Amino acid sequence: MKIIADTHTHTIASTHAYSTAQEMIGAAAEKGLYAIALTDHGYAMPGSPGRWFFESLGAIPPVVGGVRVLKGVEANVINLDGELDMPERVLKRLEWVVASIHGGLIEEEPSFERSTNAYLALAENPYVRVIGHSGTPEFKYDYEKVIPVFKKNGKLVEINNNTFHFRKDSCKNCMEIARVCKATGTPIIINSDAHFSSRVGEFSSALDALREIDFPEELIINSSESRFKAYLSENGISL
Ligand SMILES: [Zn+2]
Ligand SMILES: [Zn+2]
């Protein structure tokens with residue numbers, strides 16, 4: 001199996017990532033990826049780019065060096081009602097919205113119920129495509145209840161390669177999420193969450209973990225070019 005698209009990456013625009021868009025796209029080309037999504041952090045993350053950055057992403061052509069470049073954001077969940085830090089006006093113009101919880105950005109004390117509530121709200125948000133790295137122990141939610149709603153509403157559950165390196169306390173939950181996705185037939189997407197160009201297309205830890213639970217390839221949306229292109233077409237995104 002070859003993962004052919006990396007749909008969660010950061011550039012220097014996030015200010016805590018270290019390669020330019022050109023370098024990230026070049027790395028995707030070198031690794032033979034069909035597509036990369038540039039998903040710099042939404043407004044609430046300190047040092048993230050502002051409105052004009054996201055509204056001007058059309059400056060980058062749709063295909064660069066043979067790589068399809070999806071223009072996106074990693075929107076931050078800002079409260080346990082599941083609200084995002086990006087206005088609808090901007091979200092509706094972007095091709096690829098990953099929505100993630102980053103602990104430091106939520107003031108409310110988390111609970112299982114409130115986290116479940118937040119993820120249910122993301123499941124209902126029409127602009128969200130990918131549920132980013134949702135295995136954080138602090139924000140554990142009811143996987144059995146929410147993941148079928150992700151499936152029903154066409155949200156892709158992310159298995160994030162960085163989790164296995166930089167968020168090791170989330171690994172156990174991440175595997176539980178993958179197991180529930182397998183049991184319920186919910187599509188997932190494997191992403192690098194690269195913050196540096198050499199990490200683009202690095203999926204090996206996520207793939208190893210999924211192999212351990214015999215995760216079905218047909219549920220991994222970016223496990224073949226035809227499967228990924230079919231997803232793009234079904235969702236009105238140009239190839
Ligand atoms: Zn994140
Ligand atoms: Zn990220």
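**Strand pairing, helix packing and an exposed serine**

In this predicted model, Ser233 is exposed, because 11 other C-beta atoms lie within 10 Å of its own and a residue counts as exposed at 12 or fewer. Ser233 belongs to helix α9, which spans residues 225–234. Between Ser233 and Glu176 the separation is 57 residues in sequence and 30 Å in space, taken from C-alpha to C-alpha.

Strand β2, formed by residues 35–41, is mostly covered, with seven of its seven residues buried. Strand β2 pairs in the parallel sense with strand β1 (residues 5–9) over three bridges. Within this pairing, Ala5 lies opposite Ala35 of β2.

Helix packing was examined for α4 and α5. Two packed helices are described by the angle between their axes and the distance between the axes. Helix α4 (residues 112–124) packs against helix α5 (residues 143–152) at an angle of about 10°, and their axes are 9 Å apart. Angles under 35 degrees count as roughly parallel, and α4 and α5 are therefore roughly parallel to each other. The contact brings Thr116, Tyr119, Leu120 and Ala123 of α4 together with Lys145, Val146, Val149 and Phe150 of α5. Of the residues in this contact between α4 and α5, six are nonpolar, one is polar and one is charged.

Key: Residues numbered from 1 in each chain as written. Chains lettered and ligands numbered in written order. Predicted model: local features only at pLDDT ≥ 70, side-chain atom pairs only at ≥ 80, totals over all residues. Helix = DSSP H or I, 4+ residues; strand = E, 2+ residues; numbered from the N terminus. Buried ≥ 20, exposed ≤ 12 C-beta atoms within 10 Å, placed from the backbone. Pairing = 2+ DSSP bridges. Axes fitted to C-alpha atoms, helices over the stretch in contact; angles between N-to-C directions. Parallel < 35°, antiparallel > 145°, perpendicular 65-115°, else oblique. Contact = placed C-beta atoms within 7 Å. Nonpolar A, V, L, I, M, F, W, Y, C, P; charged D, E, K, R; others polar.
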